[in-house]
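Work through the exercises below with the sequence and the structure side by side, and try each task before you read its solution.

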Amino acid sequence: CNHFFERPAEMFFFVFVHGIHAGAGDFIAYEEEVVKRLGKENVVCLRSSANSWLKTRDGIFSCGRRLADEVAAFVDYQFASNSKLPSVRLVMVGHSMGGLIARAALPSIMERAGKLLQPCSFLTICTPHLGCRRPRSSTWKQNLWNKAVNFALNHNNACLGRSGIELALIDDEQVLHQLSAPDGPYMRALRQFPHVTFVASPHYDHLVPFCSAAALPSNPHPVPAKGCPKLFVARHTGFSERYHSIFAP
């Protein structure tokens, strides 16, 4: 997703949000690549640490509040004192549950720092926008795995805590439904971004299925044939022709 590399003279503020049971170090390589492409003078990066490791078990909204507090404090420190600074273009990048945490934090971020930040791009990588609950399968091996995933999600004191209950879509607050309500504050905040990209793996992501990561009702992609490249783009939309070479197999 290279559209934010088009105008390097501007100031970009990248916020990287890691997934569950992870930490800020997950995005070191991403930050290095962004700085390399845009230049140190044109980019500021925040690798979020507000929800490191076991804190990600506390639920999406709790994590979202901590992220919003972290971003607002960072913006005040980094940008507010510079009266000559033009509008800063905000780029949010979330991996796995980090994408949901970023979505939960958006209304508060825009309310508290919106005067200094111009929404630019919102990117999620294998984020379970539709949850992680697994359906029945036609094979016993897949059913066994699905039962293990659902057990981990459904038990509040198991692997994922409160967040697992929400990802299983069995929480009383219906957090994922709130995040997706068309007229709700979270979708209104997301619509402020001119570029929104959901990256999804068509197959072999055993924790976040394609439909959940891509926010689509079905997976139109057949299982790759033998000899197919290990990594390729199955489908993309919304990118101009100048970027089509990036997606070529």
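## Exercises on salt bridges

In this predicted model, Asp69 and Arg112 form a salt bridge whose closest N and O atoms are 2.7 Å apart.

**Exercise 1.** Find out which helices hold Asp69 and Arg112, and how many residues apart they are.

*Solution.* Begin with the location: Asp69 belongs to helix α2, while Arg112 belongs to helix α3 (residues 97–113), and the two are 43 residues apart, so the pair links distant parts of the chain. Next, consider accessibility, where partly exposed covers the range between under 20% (buried) and over 50% (exposed). Asp69, with a relative accessible area of 41%, is partly exposed, and Arg112, at 44%, also counts as partly exposed.

**Exercise 2.** Determine which parts of the chain are tied together by the pair Glu31 and Arg47.

*Solution.* Start from the contact itself, a salt bridge in which the closest N and O atoms of Glu31 and Arg47 are 2.6 Å apart. Because Glu31 lies in helix α1 (residues 28–38) and Arg47 in strand β2 (residues 43–47), the pair ties together parts that are 16 residues apart in sequence. Then check the accessibility: Glu31 is partly exposed at 22%, and Arg47 is partly exposed at 28%.

Notes: Residues numbered from 1 in each chain as written. Predicted model: local features only at pLDDT ≥ 70, side-chain atom pairs only at ≥ 80, totals over all residues. Heavy atoms only, no water. Salt bridge = Lys/Arg side-chain N within 4 Å of Asp/Glu carboxyl O. Helix = DSSP H or I, 4+ residues; strand = E, 2+ residues; numbered from the N terminus. Buried < 20%, exposed > 50% of the residue type's maximum accessible area, 1.4 Å probe, protein only.
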